Amino acid sequence: MKIDFYVDLIDNFWDIWFAYNIAKILVEKDENIFIRFFSNNENLFKNISKNKYSDKIKYYNENQKLNLTSNKIIFNFFS
């Protein structure tokens with residue numbers, strides 16, 4: 001199952017941290033889940049993720065979502 005996470009960094013790094021922890025819980029519970037994590041701060045994402053789940057949670061710049069077909073399941077955080 002593929003899921004898109006749309007996470008805008010609005011006021012502090014907790015926005016990405018909160019969404020990443022939900023993504024982490026999902027991929028730990030089900031090995032068939034893959035998440036495209038669209039956000040606007042790749043450096044912060046890398047610091048939080050430490051590449052531990054890089055095969056399951058992939059970062060994309062938020063501008064890339066315009067060029068890709070959306071998955072059927074979308075979590076839109078903090079918009």
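Which residue in β2 is the bridge partner of Tyr 6? It is Phe 38, and I shall return to that pair once the overall arrangement has been described.

Good morning, colleagues. The model before you is a predicted one, in which local features need pLDDT of at least 70 and side-chain atom pairs count only at pLDDT 80 or more, while totals for chains, interfaces and linings use all residues. Residues are numbered from 1 along each chain as its sequence is written, and side-chain values use heavy atoms, with hydrogens and water left out.

Let me begin with the chain as a whole. Its secondary structure comes to two helices and four strands; helices (H or I, at least four residues) and strands (E, at least two) are DSSP runs, numbered from the N terminus. Read from the N terminus on, the order of elements is β-α-β-α-β-β. The radius of gyration, taken over C-alpha atoms, is 11 Å, close to the 12 Å that the globule rule gives for 79 residues, so the chain is as compact as a globular protein of that length. That rule is 2.2 Å times the number of residues to the power 0.38. Along its principal axes, the C-alpha trace spans about 30 × 25 × 20 Å.

Buried residues make up 34% of the 79 residues. Here buried means under 20% relative accessible area, exposed means over 50%, and partly exposed lies in between, with a 1.4 Å probe and protein chains only. As for contacts, meaning heavy atoms within 4.5 Å, 65% of those between residues at least 6 apart in sequence join residues at least 24 apart.

I turn now to the sheet. Four strands form an open sheet in the order β3-β2-β1-β4, and the pairing is parallel; two strands pair if DSSP finds at least two bridges between them. At the edges stand β3 and β4 (73-77), each with a single partner strand, so one side of each is left without a neighbour in the sheet. On average, neighbouring strands of this sheet are turned by 20 degrees against each other, direction ignored. As a general point, strands of a sheet pair through backbone hydrogen bonds, either parallel or antiparallel.

Six bridges join β1 to β2, and five join β1 to β4. Tyr 6 illustrates both pairings: its bridge partner in β2 is Phe 38, and it stands opposite Asn 76 in β4. Strand β2 is largely enclosed by the rest of the structure, because five of its six residues are buried.

Across the sheet lies a helix. α1 lies across β1, β2, β3 and β4, and runs at about 170 degrees to β1; axes are lines fitted to C-alpha atoms, for helices over the stretch in contact, and angles run from 0 to 180 degrees between N-to-C directions.

What does the interior contain? The largest nonpolar core has 17 residues, of which Phe 5, Val 7, Ile 35, Phe 37 and Ile 57 touch the most other members. Such a core is a set of buried Ala, Val, Leu, Ile, Met, Phe, Trp, Tyr and Cys residues joined through side-chain atoms within 4.5 Å. Two or more residues come from each of β1 (2-7), α1 (14-29), β2 (34-39), α2 (42-49) and β3. The largest share, five residues, comes from α1. Beyond four places in sequence, Val 7 touches residues including Asp 15, Ile 16, Ala 19, Phe 37 and Phe 77.

Tyr 59 and Arg 36 are 23 residues apart in sequence and 6.1 Å apart in space, C-alpha to C-alpha. A polar atom of the Tyr 59 side chain lies 2.9 Å from the backbone oxygen of Ser 39, and the backbone nitrogen of Glu 42 lies 3.2 Å from a polar atom of that side chain. Ser 39 itself is in strand β2 and is buried, with a relative accessible area of 0%.

Finally, consider the loop between α2 and β3, where Lys 50 is found and where Asn 51 also has its place. Lys 50 counts as exposed at 65% relative accessibility, and Asn 51 is exposed with a relative accessible area of 52%. Most residues other than glycine have a negative phi. Phi of Lys 50, however, is near 55 degrees, and that of Asn 51 is near 60 degrees.

Terms used
A polar contact is a pair of N or O atoms within 3.5 Å; within protein, one must be able to donate a hydrogen and the other to accept it, and residues adjacent in sequence count only if both atoms are side-chain atoms.
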